[in-house]
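I opened my notebook to write down what I could look up in this structure, one entry at a time.

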Amino acid sequence: MSQIPFLAIVLTPLVILALATLLTWVERRLLGLWQDRHGPNRVGPGGLFQAVADGIKILFKQDWIPPFADKAIFVLAPTIGMMTVLLSFGAIPFTAWSGIVGTLNVGLLFILGMMGLGVYAVVLAGWASNSKYALLGGMRAAAQMISYEVFMGLSLLGVVMIAGSFNLHDIVMAQTHCWFILPQCLGFLVFLLAGIAETHRLPFDLPEGENELGAGFHTEYSGMKFGMFFIAEYAGIILISSLVTTLYLGGWQGPLLPAALWFLLKTTSVVIFFILLRAALPRPRYDQLMALGWKILLPLSLLNVTATGTVLMLRAAG
Amino acid sequence: MSATVLSDRPPPHSLLENIAAQNLPPSGPTADVTRDNVAVVWISAATIRATLQMLKDHAQGHLMLFDLTAIDERERIHREGQPSSSFTVVYHLMSLDSRADEVRIKVALTDHAPSLPSISDIWPNANWYEREIWDLFGIHFDRHPFLRRILTPPTWTDHPLRKDHHARATEKPPYSLTEDQEKYEQNALSFDPSLWGMKRHSDHSDFMFLNLGPNHPSVHGVFRIVLQLEGERIVDAVPDIGFHHRGAEKMGERQSWHTYIPYTDRVDYLGGVMNNFPYVMAVETLAGITVPPRAQMIRVMLAELFRIASHLVFYGTMAQDVGQLSPVFYMFTDREKVFSIIEAICGFRMHPAWFRIGGVAMDLPTGWDGLIRTFLDYLPKRLDEYDAMVMRNPIFRARTQGIGAYTKAEAIEWGVTGPGLRACGLEWDYRKYAPYACYDQLDFDIPTGRNGDCYDRIVVHIEEIRQSLRIIRQCLEHMPSGPVKADHPLTTPPPKARTMHDIETLIHHFINVSWGPVIPPGEARACVEATKGLNSYSLISDGGTTSYRTRIRTPSFAHLQMIPLLSRGTMIADLIAIVGSIDFVMADVDR
């Protein structure tokens, strides 16, 4: 472990946080573009510094904890959300040589584990707020995220089977000739849907569901504690997009351009796709979301595992 | 409404004959006909329930309790031929089959503590109307299931629409709040489920009570629904209204006939001049003014533009309510285009108050036709795109199809009108049923749905936008020439051209501008197919410069009453879709 550059450990979270903050601006501008309006365009060139202005504003807001809340857990919840997302980035190989522990032999499991812990942020926030809207949001979050983690894990099995490794670096290397999105198109689809549900983004933003629950699990949050949820959500989008890139789109590999740029390009495209979804789709109902998960995604991911296994066995035999 | 259209009506009867056939003691029904040619029948309080029940049974489900209201008669001078009473309760019945079958049944109440039997078991929509009468007039309804204040706060002590109640705070000593009063007021706000007719637990679990509103992103204004929840499933829902109550009806008794027009704009605040329409028509009926054809067509055109504007807001917010973020922006852009036309014509966007007694404020500006033609060519393409984006979206369909459905019979029971009624498959539109203004000369279809669910209500709204475009195009092509205001001494503001030529005109002009017109005594009601359903103004003139009683019957009030019926057993998310699909604004509910 000693060969991990200290610089990478310090820089990665900072860069991710900066990107997540920037992403709030990118999203608003893109939504503006797609919704025939401007979006924030006043602060700095093209409104670029809007994210900074928002950051300053939110930092200086009163740090308020509602008197009826369970204080310790109320403070803990956003921290968990932020920590788990940032830790996950440790295992992502941004290029062949960097990333903090991109070659971790259980990298994929580590990230899944972190995501599993991330559920606690939302559930605890909903619980500790001691408010009805937050509770409903927390309830939805618990059911939704725990269910979708099942399909996410299953959908990844196909990738692991082909690559023969949980090491994300190895998985990328295994895609040198063919991106996994082709042989694993089913798995990719399930993973993408589960990823949206994990980051609770529209159309799967039921834990927040502003039209129904006000702000859902973070109704009672304000100031920087709300900011942490907010940034963690955007960091989560970057995380899922990075994972999609790593697992299905060949990671940093690509001709001509430098590896880091390839990674950035692919990840950004997926992020923009996420934002486009938000601009386009309505939100299904809670039970419809669960039905989609257990009745469609689960069989699909099992089918994917079976099919992949069969093909691999036939190939090994032949 | 021009007098000619009204006199074409067949003499009103089969309902009347039914009442007459009953031959009820002591006096039997006395029928008189008001200026709007709707028959009025006086019935005693003792027989009102039996009469209404009989009428309803006889009509086989096609009789709607259109309106139920009261009049404080104690200061009224012109009551020729009417039984004496301190209060009169008016049951306005409307048969959907035939225009002739419209009748106002009046009950005279002379007691100091007036009371009547409740009819909320005969027509369920009487429930809120009776509460409203109790709240505003202090008339008690015996055996009413839940006779509590509905528009004023629970701690209110008076009945505001009584003539002895002050109309303005300046008529009272300055308001002060002692600590005890403050405690009392705050206690009155605390929530006790049993007071709302809800239980705290079932056999095996505790219910959760959730206050949806008065401030909530999806209740379209200040509206509160108290939900009794088991998990996310709604066991019961109790709507609480009145947060937007501004006393529009009371204001009508203070403002002159002319200066009340801007207040009407703000009742259904998405409907703009659509609200002026029934009001000025009712005043014109009272005054006997015939509106010239050009003014009629301008009115219709403006009203239809506002229908489009209102429906676009509905469409966008409906999509937003089920989580689709973008459509509302596109539709507000389109609405802005409607507003730019309205602004070019009226000089105002949302509340132009542009209709006048006897016509409209001004003639159309030069170039109006070009603006409208551009818009007529622009919108249909956009609507096609929205169909693809919203109506054909599978998630949107899953959220709205089969949700919040009611049948034709239920709709009539609950007094549902407008798109909500047509979505059940009933081809019923007031513009066809009783064509006012120049609707009889215009060609348009009545869109209907089939299932009466959220989705069908949206479909009907969208098709109505297309039909409105059709109507506007006909107005554009056939706009008659001529004056835009009737040549009548009671039109307001009165014609000024000759004021400097003869003293008589000058005096009339001076009086009509400074005091406002004096409208001859009488009662009249005018009704329009407004953006959200039937909107009607019943005016009583006592021969003065203000109305003696202004009754505003709004569609949203009736529609909101159905929420408990529609939401029981659904999820919170469904309730949001249902609330969105009803298409109401709170100002239209509370007035």
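In which helix of chain A does A:Met152 lie? I found A:Met152 in helix α5 of chain A, where helices (H or I, at least four residues) and strands (E, at least two) are DSSP runs, numbered from the N terminus.

Before going on, I noted that this is a predicted model, in which local features need pLDDT of at least 70 and side-chain atom pairs count only at pLDDT 80 or more, while totals for chains, interfaces and linings use all residues. Residues are numbered from 1 along each chain as its sequence is written, and chains are lettered from A and ligands numbered from 1 in the order in which they are written.

**Entry on A:Met152.** Is A:Met152 buried or exposed? I recorded A:Met152 as buried because 26 other C-beta atoms lie within 10 Å; the word buried asks for 20 or more other C-beta atoms within 10 Å of the residue's own, with C-beta atoms placed from the backbone. Leaving aside its neighbours within four places in sequence, I found A:Met152 in contact (C-beta atoms, placed from the backbone, within 7 Å) with A:Phe191, A:Ala194, A:Gly195 and A:Glu198. I also looked up A:Ser301, which is 149 residues from A:Met152 in sequence but 8.5 Å away in space, C-alpha to C-alpha.

**Entry on the annotated spans.** In the unreviewed UniProt entry, the annotation "transmembrane region" covers several stretches of chain A, including 148-168 and 180-197; such annotations may be inferred rather than shown by experiment, and their positions are given in the numbering used here.

**Entry on the two chains.**

**Entry on chain B.** Chain B is divided into domain 1 (3-162) and domain 2 (248-554), with bounds that come from an automatic or database domain assignment. The centres of these two domains, taken over C-alpha atoms, are 27 Å apart, and 24 residues of domain 1 are in contact with 30 residues of domain 2.

Conventions. A residue is buried if 20 or more other C-beta atoms lie within 10 Å of its own, exposed if 12 or fewer, and partly exposed in between; C-beta atoms are placed from the backbone. Two residues are in contact if their C-beta atoms, placed from the backbone, lie within 7 Å.
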